[in-house]
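Me: I would like to learn how to read salt bridges and strands in a protein model. Please take one feature at a time.

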Amino acid sequence: LGKTPNAYLLTGIRGVGKTTTARLIAKALNCIKNSDQSQNCSSEKFCASCEEIVNSNHIDILEMDAASKTGIDDVRELIENSKYSPTSASYKIYIIDEVHMLSKQAFNGLLKTLEEPPPRLKFILATTEVRKIPVTILSRCQRFDLKRVSLDNLLSHLKSINVKERGNISESALKIIARASEGSVRDAISLLDRALISQSINNKKVEIQDKDIREMLGLADRSKLIILLKEILSGNQKESLKLLKELINNGLDAKNFLNDILEILYLFNRRINLGPIEKDTMVSEAEIELIEDYSKNLDSIDLGIFWQLTIKTIEDLK
């Protein structure tokens, strides 16, 4: 439509592609194909403008890290430079990353330029903490919230990387990595990297199983946790402590442990209130059987008390 906002604001958790999306918007705004239909630009062969943006050396696309340039002087310099027209592209574009780190004065300095920028200037702001941005800035931007990436998408992405890297990792292990990354693609890739490196150090021929990933992340085996919870709810103090000591000796991470306990309490509650657990990609057959077996004599009220205690403990950990 030829109607582009003065400023875009991209928000979302870490590692979902805010900076990447900002560069894609910059490419779309400045693609030579926009002004000259005869030009060709595709993912196989980029036009000159898109190629320069990909290589991070386009003279009119300026990236600024607000975490290291937080002051009013940095913003003044930016505004001063913004008065000049773009050299070779349709638009001069400022990509400001981690924009919530700017000081109050810096934000105020940006206000007027954001509202009435020169005709050939665009701002793309990216942040993980949208609450820290003043309302006056928010109202001048077109806001886009980037959602967490779904587990299925993450899993298929990790599988494709695993094939390209010639890794030898089981699907159940990849599922744990996908779940541990909480919807962040960057976190998922970092964890996969770690797993592939540990494999190449140890023995490439042996397939990495879910137990290896659990050990690497300090996660407990969920079947053991279900058994531990059953012992606790049955009041077997000795057996419970023995199981817990075993888990701690295997390098259990306290926060992960408590989050896993919450997840299992939720699964028990779901079984009691909503009937048998249908096929769930994130719960194995063995775990479903254990939950079926142990949930017969459980009570929602007891589970509720344990839920509250666990939440309280997570708070106390801080």
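Reply: Start with a definition: a salt bridge is a side-chain nitrogen of Lys or Arg within 4 Å of a carboxyl oxygen of Asp or Glu. This is a predicted model, in which local features need pLDDT of at least 70 and side-chain atom pairs count only at pLDDT 80 or more, while totals for chains, interfaces and linings use all residues. Residues are numbered from 1 along each chain as its sequence is written, and side-chain values use heavy atoms, with hydrogens and water left out.

Me: Which residue meets aspartate 145 in a salt bridge?

Reply: Aspartate 145 pairs with arginine 143, at 3.0 Å from N to O.

Me: How many salt bridges does the structure hold?

Reply: The structure holds 14. One of them joins glutamate 182 to arginine 14, with the closest N and O atoms 3.5 Å apart. Glutamate 182 is in the loop between helix H8 (171–180) and helix H9 (185–202), and arginine 14 is in the loop between E1 and helix H1 (18–30), so this pair ties together parts 168 residues apart in sequence. Helices (H or I, at least four residues) and strands (E, at least two) are DSSP runs, numbered from the N terminus.

Me: Where do aspartate 316 and lysine 312 lie?

Reply: Both are in helix H15 (residues 300–317), four residues apart, which is about one turn of the helix. Aspartate 316 is exposed, at 51%, whereas lysine 312 is partly exposed, at 49%. Elsewhere, salt bridges with shared partners link Arg14, Glu182 and Asp187 into one network.

Me: Now strands. Which way do the side chains of E1 point?

Reply: In a regular strand the side chains alternate between the two faces of the sheet. In E1, Ala7, Leu9 and Thr11 point one way, Tyr8 and Leu10 point the other way, and all are buried.

Me: Why is E1 largely enclosed by the rest of the structure?

Reply: Five of the five residues of E1 (residues 7–11) are buried, so the strand is largely enclosed.

Me: Which strands pair with E1?

Reply: Two strands pair if DSSP finds at least two bridges between them. Five bridges join E1 to E4 (residues 121–127), and the two run parallel. E1 also runs parallel to E5 (residues 142–145), with four bridges. Leucine 10 has alanine 126 as its bridge partner in E4 and stands opposite phenylalanine 144 in E5.

How values were computed
Buried < 20%, exposed > 50% of the residue type's maximum accessible area, 1.4 Å probe, protein only.
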